[in-house]
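The following exercises ask the reader to work through one protein model, from its overall dimensions to single residues. Each task is followed by a solution in steps.

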Amino acid sequence: MGIQYESHPGKALKGHLREVAEGARARLDHPALRHREVLRKAAYLVGLAHDLGKYTPFFQAHLKERKRFEGGLERHAFLGAVCAAWLLSRQLNKLPDMSGKEFLPLLGYLAVHRHHGHLKAPEEILPPLGAPDKATGELWHALRVLERQFDALRNFSNWLCEWQELNLEDVIAFVEEPELPSLFEELDRLLYQLNKLDEEERARLCLWGQLLFSALIDADKRSAAGLPPLPPRPNLPGDLVERYVAYRYVQPRHELDRERAAFFHMVTEQARRASLPLNEPLALTAPTGMGKTLAALSTAFVLRERLAEHYGVAPRIVYALPFINLIEQNYDVVHDLLAWGLPNFAANEQLYLLKHHHLTDIAYLVEDENRPVVEALLLTEGWESEIVVTTFVQVFHTLLGYQNRLLRKLHNLIGGILILDELQNLKMEYWPAVSRVFDVLREEIGLTVIQITATRPLVFPQVRELYPDPPHLFGLMRRTMLDVNLTERSIEDLADEVGNLAEEHDTVLVVVNTVGDCIRLYQALKARGIGTPILAWQEGEPFPLAPNERALVYLSTNIVPLHRAARLAFLREWLKEGEQAVLVATQVVEAGVDLDFAVAVRDLGPLDAIVQVAGRCNREGRRKQGLVLVRRLQGSCPSQVYGVVHIHTARALLEGITRLEEPEFVGLVERYFVETRRRKSQETSDRLWQAYLGLQYDGKSCGNALCLSNFHLIEEMPSVPIFVALCGEDENWLRNFFTPRVLEEKDWKRRQEAYLRYRRYLHERMLQVPEFRAEKNPPPLWGPSRTLRWVPSDQLNEYYDLETGFRWATEDLDRAWIV
């Protein structure tokens, strides 16, 4: 009896290779993919070759007997990579004739070599000048191991029959007489030629590399986990959002409701008339409170139905937002829509709708049965759903990505619809590179992009407005007026002004730029008896205040996420009751948070941020006119948060303005974007684009140039994660559940399942404290592992203030730039 080759315990290796090859091919078998034929066939060959290194006796002994060999002889990815490159080079003449296909051996080599890690720049994993004898370090060692693996295969030819059954005659000949020098010379030649191509071709090849990698690793992980097939993808009626809106909003309550209805119907009709496929991004530009979320969803549903007819495959809808609190809010809208309109939604919830961010509860319900946690995680991270509500981080770190876990879902965006809400929150220095990448995605994978904003950022040079006349919408609005006074004032002076506003108006919102200013202003208002502090509240509980009592609420990332969410929930309900409140916050409250105040005060910041705050003032238009005061705090450091150019430009444009009506906001912000972009250096964007063109995914070989791994949507100062035990129950949880089942668990599978189950509870009580502050008076380390800093409940007062969060020394507050 011959050797039973396995890829994973109990799984036949030959069957695994077939599954992965067929799965990778299916993932790139989409009519919207411009070079569908060549990529689907290349994906099949890559999948077929990716685990050929597992046929060595070293890997089989490691898998079945847990043996480890000197030098890592049991490793398999390098051998699979050279086999994939050789196979693709020998099969090129059988692939459809098109420009760029000659580079597939290089792209296949990269995908297979890195399929258990992250993509790297080719120079990192190829010998210099294509000469194996010039290799040094890890690569030199890997080549020595490769030679011994080839020797072992030649000496034990039991694998031959299985390779023949897989039609791998070309690779069999290669193993029998390896031509490594000629293969590496060819790959090095391709890398050299890559840099001679024009930008369009180089950009396409970067995307091809990402797509082959995505298709391979997703098919590989699904096969290795033995995931059962999902039911056929469900249908979403194109008119579902229209019917939902007609049901929920039968009678207009006021003139604004009538304008919202006209806006919604105009946008939906434009989606029906648009020529397919689209040649440019769509834009939905309208004032805050106009109903952009439902209008965007209606557009997406209509386009989904039309694109399904056009391609024969229904696109997935991805709704991306910059902040987690906005995801929760918009997810609830989509959930309510689907629960209302789809009879089988409750039994197949995640088949229709997924919420994906780093705190997501991992669950996947299909046919009224919850899939196991590991399966649910694979399906969630792979975006196996019709609608995904997620973060900018997930989207942009996939599209400009190199990481295994993030790129795994890229293929599910082929032919897809991507809604980018509050896009102005994308850092301006990335705008040109992002625009270029989206041009590639639109041309190559048929991605439809819908931009939603109230401020019309200049991310895309040209867009098609779904509402043809946005200035008309802004001209209708008289809800707010800016009152600008940029004379510097102290915290005490601003507190006096806010106190007076609170006496005249039932609700006041104040937004400052830094945690330090937020704490000082809150404390000054509290000292003046402006209101009763609110610590936390749960829906369904009685309000912690009596009617007609004023609430004083503090909000920033200096308090744990559990309390941030609780305070926002309290404010929503408290304001609905028509009660009094003063909210002092950093910009965590700006974009998309559905709160409505009579008056807003904003410390000088970027103009789009000021307009976002105005969107939280008289949002529903129930008052005659809301007032938005723009002030300038003495000693505030907005440039350290936003950058010098943004603040200088905002101040210059506001100079000489004392009052500004809402219809004039949009013109002012557009001038701000034009001027800021003109002044802002484009160097980072240009260097990032060059990394994309050069397949510079990650690695030291990039030198002073950027790699895609240098792209960070969120730049954070060095920080220390700290768990805050708010009560004895939190401490018991850490001791009796999280520690034994996660921190001390030796079995990685059980540890992962437990972590996924507990991570929300953990992160709801976690703070990221700047390193310099944590080192001054560090909270104790937890448990035997000493890997987690924590604040015990009986030492809470020493480290954490239940009102304003982590305690700062007075002299450090000016360095508290975090928001």
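**Exercise 1. Overall form**

What radius of gyration does the protein have, and what value would a compact globule with 819 residues have?

*Solution.* The model is predicted, so that local features need pLDDT of at least 70 and side-chain atom pairs count only at pLDDT 80 or more, while totals for chains, interfaces and linings use all residues. Residues are numbered from 1 along each chain as its sequence is written, and side-chain values use heavy atoms, with hydrogens and water left out.

Step 1. The radius of gyration is taken over C-alpha atoms, and the globule rule is 2.2 Å times the number of residues to the power 0.38.

Step 2. For 819 residues a compact globule would have a radius of gyration near 28 Å; the protein has 29 Å, which agrees.

Step 3. Along the principal axes, the C-alpha atoms fill a box of roughly 90 × 65 × 55 Å.

Step 4. Of the 819 residues, 59% count as buried; buried means under 20% relative accessible area, exposed over 50%, and partly exposed in between (1.4 Å probe, protein chains only).

Step 5. Contact means heavy atoms within 4.5 Å. Among contacts with a separation of 6 or more, 78% are between residues 24 or more positions apart.

**Exercise 2. Helix packing**

Determine how helix α7 is placed against helix α9, and which residues meet.

*Solution.* Step 1. Helices (H or I, at least four residues) and strands (E, at least two) are DSSP runs, numbered from the N terminus; the protein has 33 helices and 25 strands.

Step 1. The axes of α7 (residues 137–155) and α9 (residues 169–176) come within 9 Å and cross at roughly 110°. Axes are lines fitted to C-alpha atoms, for helices over the stretch in contact, and angles run from 0 to 180 degrees between N-to-C directions.

Step 2. The two helices, α7 and α9, are therefore roughly perpendicular to each other; the class covers angles of 65 to 115 degrees, with under 35 roughly parallel, over 145 roughly antiparallel and the rest oblique.

Step 3. From α7, F150, L153 and R154 meet F174, V175 and E176 of α9. By class, this contact has four nonpolar, no polar and two charged residues.

**Exercise 3. A covered helix**

How many of the residues of helix α5 are buried, and what covers them?

*Solution.* Step 1. Ten of the ten residues of α5 (residues 104–113) are buried, and the helix is mostly covered; L104, Y109 and H113 are among them.

Step 1. The cover includes α2 (36–49), α4 (77–91), α6 (122–125), α10 (180–194) and α11 (199–225).

**Exercise 4. Sheet and hairpin**

Give the strand order of the open sheet of seven strands, and describe the pairings of strand β23.

*Solution.* Step 1. The order is β5-β8-β4-β9-β10-β3-β11, with parallel pairing. Strands β5 (353–356) and β11 (464–465) are at the edges, each pairing on one side only; two strands pair if DSSP finds at least two bridges between them.

Step 1. Within the sheet, β4 (residues 317–321) and β9 (residues 417–421) run parallel and are joined by four bridges. A320 has L420 in β9 as its bridge partner.

Step 2. Helix α18 (residues 392–399) packs on the sheet and touches β4, β5, β8 (387–391) and β9; its direction makes about 95° with that of β8.

Step 3. Strand β23 (residues 788–791) runs parallel to β20 (residues 719–724), with three bridges between them, and I722 stands opposite R789.

Step 4. With β22 (residues 781–782), β23 pairs in the antiparallel sense over two bridges, W782 standing opposite L788. β22 and β23 form a hairpin with five residues between them, and G783 in the turn has a positive phi of about 65°.

**Exercise 5. Single residues**

*Solution.* Step 1. R66 is exposed, with a relative accessible area of 58%. R66 lies in the loop between α3 (57–65) and α4, and has a positive phi of about 60° although it is not a glycine.

Step 1. The cis peptide bond joins L276 and P277, with omega about -10°; P277 is in the loop between α13 (255–273) and β3 (282–285).

Note on methods:
Nonpolar A, V, L, I, M, F, W, Y, C, P; charged D, E, K, R; others polar.
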